[in-house]
Amino acid sequence: MESLFTPSSRLALFQFCRAQPIFGFDFDGTLTPVIADRNAAWLPLGVRRRLARLARQVPCVVISGRGYSDVLRRVRGIPWQAVVGNHGAESVPRLANLEKSEKLVREWHEFLQERFALFPGIDIEDKRFSLTIHYREVKDPKKALRFIQKTLKQLSAHHLIGGKLVVNLLPLGLPNKGTALRMLQKRLKAPRAFYVGDDLTDEDVFVLGRPRTLFSVRIGKRRPSQARYYVPAQSDIEALLDLLLEAVAR
Ligand SMILES: [Mg+2]
């Protein structure tokens, strides 16, 4: 992983942006700081202004783990080409058929509600096409995670993605962030994409890997990650957006 804030990385970014990529952004922990109360995450004004300026000039998409309508109301007012929720599965324009998933997720939710009632502090967020199990509020997070993993083993076909004191539970076969980004590129006829994210679900984008078609940036330097570049912290997002604005102005 290389820092994005070096002369050679900047140059690589400027060159990449000449080939008219689309620009993809994760939401939590990328455009906004991670905070304990997930309902209180809003775009800071400086980020919002820069994003709006960028999205007026080049195609921008946001791909979040939140439910679609949840993320939409937090990023409204920016001329996105697409807003994608549920880790890639739920979007406008639509990318996948979700009826079966909705039914399955409803069954999981009922089952887990009963089980997790035994463990105070574990909170299930129902995002209609996926569940996020939060254990930020429990006394012993390690014990909680073991309990969650053991319980989830009893469920049918699912895909798990870990995260920052959360476990994401998704039906198999749905688009992930990586496949969603590729589908959007196809639609927008853009062979190249820039993408920035901070968490494990963003690795589904980072593994797409090929440097000629993907310019990947992780918030925070961490190994192992498949991202090629990093910026040190979420607070660097405004500097990163300034760099993108400079790159597309060239
Ligand atoms: Mg994130």
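This is a predicted model: local features need pLDDT of at least 70, side-chain atom pairs count only at pLDDT 80 or more; totals for chains, interfaces and linings use all residues.

Colleague: What is the phi of Q20 near?

Modeller: Phi of Q20 is near 55 degrees, which is a positive value in a residue other than glycine. Q20 is also exposed, with a relative accessible area of 64%.

Colleague: And what about K189, where is that found?

Modeller: K189 is in the loop between α6 (177–187) and β10. Phi of K189 is near 55 degrees, again a positive value in a residue that isn't glycine. K189 counts as exposed, at 72% relative accessibility.

Colleague: Switching topic. Which residues coordinate the magnesium ion?

Modeller: D26 (OD), D28 (O) and D198 (OD) do that, at 2.1 to 2.2 Å. Along the chain, the donors follow the spacing D-x1-D-x169-D. D28 and D198 link distant parts of the chain, 170 residues apart. D28 is in the loop between β2 (22–25) and α2 (45–57), and D198 is in the loop between β10 (193–197) and α7 (203–206).

Colleague: Is D198 buried or exposed?

Modeller: D198 counts as buried, because its relative accessibility is 2% and the cut-off for buried is under 20%. D28 is partly exposed, with a relative accessible area of 26%.

Colleague: Which residues does G29 touch, leaving aside its neighbours within four places in sequence?

Modeller: G29 is in contact with V34, D198, I219 and Q234. G29 has its place in the loop between β2 and α2, and at 5% relative accessibility G29 counts as buried.

Colleague: How far apart are G29 and K164?

Modeller: In sequence, G29 and K164 are 135 residues apart, while in space they are 9.7 Å apart, C-alpha to C-alpha.

Colleague: OK, now the helices. What span should α5 have, and what do its ends say?

Modeller: Helix α5 covers residues 141–152, twelve residues in all. At 1.5 Å a residue it should span 16 Å, and its end C-alpha atoms are 16 Å apart, which agrees.

Colleague: Which residues of α5 are buried?

Modeller: A144, I148, T151 and L152. They cover an arc of only 95 degrees around the axis, so they are on the same side of α5. The face turned away from that buried side carries the exposed residues K142, R146 and K150.

Colleague: What does the buried side of α5 pack against?

Modeller: The buried residues of α5 pack against α4 (99–116), β7 (131–134), β8 (158–162) and β9 (166–171). Take T151 as an example: it is buried, with a relative accessible area of 4%. Not counting residues up to four places away in sequence, T151 touches F111, L112, R115 and F116.

Colleague: And K143, how exposed is that?

Modeller: K143 lies in helix α5 too, and it counts as partly exposed at 46% relative accessibility. K143 and D26 are 29 Å apart in space, C-alpha to C-alpha, and 117 residues apart in sequence.

Colleague: What about α4, which residues are buried there?

Modeller: In α4, the buried ones are S101, V105, W108, H109, L112 and F116. They cover an arc of only 115 degrees around the axis, which puts them on the same side of α4. On the face turned away from it are the exposed residues E99, K100, K103, E110 and E114.

Colleague: What covers the buried residues of α4?

Modeller: The cover includes β6 (123–126), β7, α5, β8 and β9. As for length, the 18 residues of α4 should span 26 Å at 1.5 Å a residue, and the end C-alpha atoms are 26 Å apart, which agrees.

Colleague: How much area do domain 1 and domain 2 bury between them?

Modeller: About 1,200 Å², with 49% of it on carbon and sulfur atoms. In domain 1, R38, N86 and H87 lose the most area to domain 2, together 39% of what that side buries.

Methods. Residues are numbered from 1 along each chain as its sequence is written. Side-chain values use heavy atoms; hydrogens and water are left out. Helices (H or I, at least four residues) and strands (E, at least two) are DSSP runs, numbered from the N terminus. The expected span of a helix is 1.5 Å times one less than its number of residues. Buried means under 20% relative accessible area, exposed over 50%, partly exposed in between (1.4 Å probe, protein chains only). The arc is that of the directions from the helix axis to the C-beta atoms. Contact means heavy atoms within 4.5 Å. Donors are N, O and S atoms within 2.8 Å of the metal (3.2 Å for Na, K and Ca); water is not among the atoms, so sites may look incomplete. Buried area is the accessible area (1.4 Å probe) that two parts lose on being put together, summed over both.
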